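Reader: I would like to go through this model feature by feature. Please give the general idea each time, then the case at hand.

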Amino acid sequence: MSESTRSALDRARDGLIERLDGLSGRQTAGLAAGAVVLVAFVAAGLARPASLAGELLDIATSESAFGAALRLSVPIALAALGGIFAEKSGVINIGLEGLLIIAAFGAVWGTDITGSILLGFALGVIASTLLAGLFAVVCIEFRADQIIAGLAVWLIALGLAPFASQVVYGGPNTDSVGTVPTLPEVLWFLPTAEQIPTSFGVPVVGGLVGFVLDVLLEASLSVYLMLLMVVASWYLLNRTAFGRWVRASGENPSALDTAGVNVSRVRYAAVLLSGVFAGMGGAALSLGLGQFTGNGPTMVNGKGFIAIVAYLFGNYNPVGAFLSTFLFAGLDALQLTLQTRGTGIPDSLVRIVPFVTVIVVLALVGRTRIPEAAGEHYESGEE
Amino acid sequence: MSEGGGDGAEGGGEDRADPNGIADGSSDRETAGASGDPGEGPVPGPSGDAAPPMDRARRALDRLASASATERFLLSFAALVLSIAVGTVLVLAAGRATTCETAAFVLTHPTPFGLPRLFSMGFCFDPVAVFDRLFFGALGDPFKRGWGPLSPFRGGPLNPFREGYELLNPQMAVTLRETTILVFSGLAVAVAFRAGIFNIGTQGQLVLGALGTGLSVLWAAPFVPAGMAGTVVLVTLGLLVGAVVGGLYGAIPGALKAYAEANEVITTIMLNFVATGVAFFLVANYFRNPDSQAVETTPVPDYANVPPLLFEPRDDFSFIALGLGAALVVGVYYLLEQTSFGYDVRTSGLQPDAAEYGGVNAERTVVYSMALSGALGGIGGAIYVLMILGKFQTGVPAYGFDGITVSILAGNNPLGVGFAAFLFGTLKSGSTVVQFATDVPPQLVGVLRGLIILFVAMPEFFRMLARGIGPTADPERRAVAADGSGAVDTGGETDE
């Protein structure tokens with residue numbers, strides 16, 4: 001082991017210890033309880049494969065559930081990335097749900113009129129960005145209460161998308177259009193999931209490689225976009241000047257102002273960026289199915305709010321937000337698979353599991369440290 | 001705004017904070033502390049032993065309160081007008097997007113002196129007709145065709161009402177029915193808001209309250225004789241159960257906020273989904289009406305419905321329920337403004353830290369106000385079951401979310417909730433008339449709802465509009481205007 005690797009490992013260990021020290025008693029208890037439940041569940045599943053725990057374990061480790069979890073993560077994770085930028089800059093964007101809705105409709109409608117999925121996707125992103133721009137003007141220029149304005153963004157989109165669908169398609173659901181392709185569908189030289197061997201003849205490791213390849217080859221391009229954006233936004237937030245400005249604008253706007261950076265402009269950029277990210281999420285959601293359904297809470301159905309929980313739980317770290325999203329989406333995938341397999345558990349109850357999980361997680365994690373100046377209007381002193 | 005208004009806005013910061021409340025509260029605390037009984041409960045209302053300067057300050061604050069109430073009303077009105085303006089654009093745009101045989105509305109210009117027609121554009125939807133249907137259709141068409149406020153001066157008839165118009169018509173019943181439920185859900189949101197809690201979970205509390213009411217009345221009905229006595233017993237039982245179930249369900253996010261610091265906006269939204277899921281599960285698996293296709297319970301007996309007064313039973317509206325709503329409006333107003341509990345609630349909402357230093361048990365206040373909020377929502381659900389539906393059915397309309405709109409439009413004032421509820425009751429009732437008469441999708445009302453909230457959230461926009469200066473005006477002009485309008489707008493209020 002080289003010297004540099006050793007010191008890196010030391011740093012990592014120190015960081016982990018610091019992180020654990022920072023946890024409160026309740027959080028530690030919560031984490032411990034969660035770990036115990038997980039271990040007990042896995043042990044029970046392995047010991048008695050025929051039991052409910054065994055079946056759940058089987059589903060949770062299946063390729064289809066894993067792929068479904070990735071697919072369901074896309075809109076939530078992308079919206080969460082957007083939420084991170086907005087809130088880090090000091091504007092709490094509770095209207096992510098609305099941005100997802102408007103983008104989901106815009107993308108399907110755009111695909112329908114242009115005939116191109118790429119253009120439709122772009123139109124969805126544009127629609128969401130425009131709405132985010134309206135939200136930004138209202139919050140930054142007119143000093144609106146961010147929570148109420150965000151709520152208004154949600155309600156406007158919740159009315160506007162089904163309204164538009166009713167006008168254009170004569171019902172709250174749109175016509176069907178094409179869906180986002182998978183990698184082998186775009187790049188003809190790649191093999192499909194069926195064409196590659198499952199374990200390459202190597203035990204354990206080969207099976208694992210086969211599992212990952214299968215999931216990746218069957219995933220739509222949206223999944224790749226999401227993974228790319230998670231990395232990109234981590235880099236943007238933590239390694240660039242813009243990221244520094246965004247963080248300063250949320251923590252100490254007057255210092256940023258003193259340093260000669262226009263706080264309003266940074267916040268505008270961050271909120272618009274949240275519109276772009278949420279737009280990608282909404283477009284990926286509706287174009288994943290090829291249709292927008294606008295009954296009741298629409299097809300978005302609370303994903304924007306779960307995204308908020310995901311980034312709070314991930315402590316404003318894009319990677320952390322993605323991991324917690326994957327957890328919620330995994331639960332959702334689990335219940336979808338349970339429904340199709342018919343395990344005797346009523347699906348109306350299983351459906352609420354992700355929501356209950358969010359509440360339990362929030363109760364255990366409690367107050368996450370939100371940026372110092374989030375929710376507050378910043379007034380530059382200069383005239 | 002008065003001179004004090006500028007100061008209040010400076011100190012209070014955002015528009016949500018009612019400057020009167022803050023100052024009022026802290027001055028009360030000071031007098032209580034000075035008179036040497038810090039352990040006593042809060043002393044609300046005008047206290048007799050206050051020094052003359054206190055009185056003067058209080059009078060000034062009263063003036064300010066009425067000024068801010070007027071401003072509040074103007075703001076709500078302006079938001080409504082602006083929403084209708086944006087809605088008009090939306091209706092026109094939708095009219096361009098659809099295809100029709102003949103244009104319902106043509107936008108053009110007058111052509112005097114034989115000028116050529118340069119511009120003419122047809123639309124499938126006529127916005128005037130849409131908003132006419134939305135507002136007057138909801139009241140059952142009270143006015144004569146073509147009647148306007150100037151008609152009598154042009155030799156028209158003096159009496160505006162259409163021949164054969166009855167105030168108590170079926171469409172009016174729909175309007176009042178929606179108004180009644182919105183009074184309850186609006187009050188529910190307003191109570192929580194005043195305590196500084198954003199209760200988005202009124203929908204879930206209303207759903208479970210409705211379910212509790214339906215099930216308890218169904219359970220008790222066999223033991224109760226039919227007739228008036230049975231009605232009294234069953235309706236009272238239903239309302240009580242609705243209030244208790246809604247209150248308990250509302251107390252959950254309250255306790256999570258108070259003791260686990262979980263953000264109530266998120267938890268209440270999640271609990272809405274949970275409530276809908278649980279209600280569906282219970283009804284679908286245990287209490288389902290076997291003779292029905294829908295997921296619903298068996299209907300409650302006729303004598304368990306709130307008895308209709310003046311209206312026909314098939315109109316599904318009762319003045320008794322509306323009267324209960326009005327009584328609760330007054331009751332909640334009294335509770336918030338005149339009792340020590342209400343005082344605790346208001347101070348925790350405005351200045352949580354100050355309230356805690358003043359001896360308010362912050363955690364308990366949060367839980368109690370959320371329970372009260374949930375109970376009001378639960379009563380709304382009970383009325384929905386016992387007045388409108390006569391059974392519990394899954395897929396309860398979004399009264400809880402409309403309650404947020406009602407409360408925000410009313411400035412979280414219980415007395416304002418009554419008016420705001422009637423406005424939204426009219427809009428909801430009118431949306432069906434609009435759809436029937438003009439083919440404009442009823443979701444238009446949903447968009448209007450969002451727009452109204454958006455505009456109410458930005459009073460600064462209307463202030464700028466009122467000053468006649470756009471947000472991008474150069475600072476010099478603005479400074480002059482600010483000076484011209486007195487000490488209202490100090491340099492700190494203008495931006496950039």
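This is a predicted model: local features need pLDDT of at least 70, side-chain atom pairs count only at pLDDT 80 or more; totals for chains, interfaces and linings use all residues.

Reader: Which secondary structure elements does chain B have, and how many?

Author: Chain B has 17 helices and two strands. As for its contacts with a separation of 6 or more, 73% are between residues 24 or more positions apart.

Reader: How is chain B divided into domains?

Author: The bounds come from an automatic or database domain assignment. Domain 1 of chain B covers 170-444, and domain 2 covers 463-496. The centres of these two domains, taken over C-alpha atoms, are 43 Å apart.

Reader: How many residues does each chain bring to the contact between chains A and B?

Author: Chain A brings 42 residues and chain B brings 48. On the side of chain B that touches chain A, the helices that each supply at least two residues are α3 (52-97), α7 (228-260), α8 (264-285), α13 (399-409), α15 (444-456) and α16 (459-467). The most comes from α8(B), with 14 residues. By residue class, this side of chain B has 30 nonpolar, ten polar and eight charged residues.

Reader: How does the span of helix α7 of chain A agree with its number of residues?

Author: The expected span is 1.5 Å times one less than the number of residues. Helix α7 of chain A (residues 146-169) has 24 residues and should therefore span 34 Å; its end C-alpha atoms are 34 Å apart, which agrees.

Reader: Is α7(A) largely enclosed or largely open?

Author: The count of buried residues is the guide here. In α7(A), 21 of the 24 residues are buried, so the helix is largely enclosed by the rest of the structure. Just after α7(A) comes Gly170(A), with a positive phi of about 75°.

Reader: Where is Asn412(B), which has a positive phi without being a glycine?

Author: Asn412(B) lies in the loop between α13 and α14 (414-438) of chain B, and its phi is near 60°. Asn412(B) is buried because 22 other C-beta atoms lie within 10 Å.

Reader: And Asp439(B): buried or partly exposed?

Author: Asp439(B) counts as partly exposed, because it has 17 C-beta neighbours inside 10 Å. Asp439(B) also has a positive phi, about 70°, although it is not a glycine. Its place is the loop between α14 and α15 of chain B.

Terms used: Residues are numbered from 1 along each chain as its sequence is written. Chains are lettered from A and ligands numbered from 1 in the order in which they are written. Two residues are in contact if their C-beta atoms, placed from the backbone, lie within 7 Å. Helices (H or I, at least four residues) and strands (E, at least two) are DSSP runs, numbered from the N terminus. Ala, Val, Leu, Ile, Met, Phe, Trp, Tyr, Cys and Pro count as nonpolar, Asp, Glu, Lys and Arg as charged, and the others, Gly among them, as polar. A residue is buried if 20 or more other C-beta atoms lie within 10 Å of its own, exposed if 12 or fewer, and partly exposed in between; C-beta atoms are placed from the backbone.
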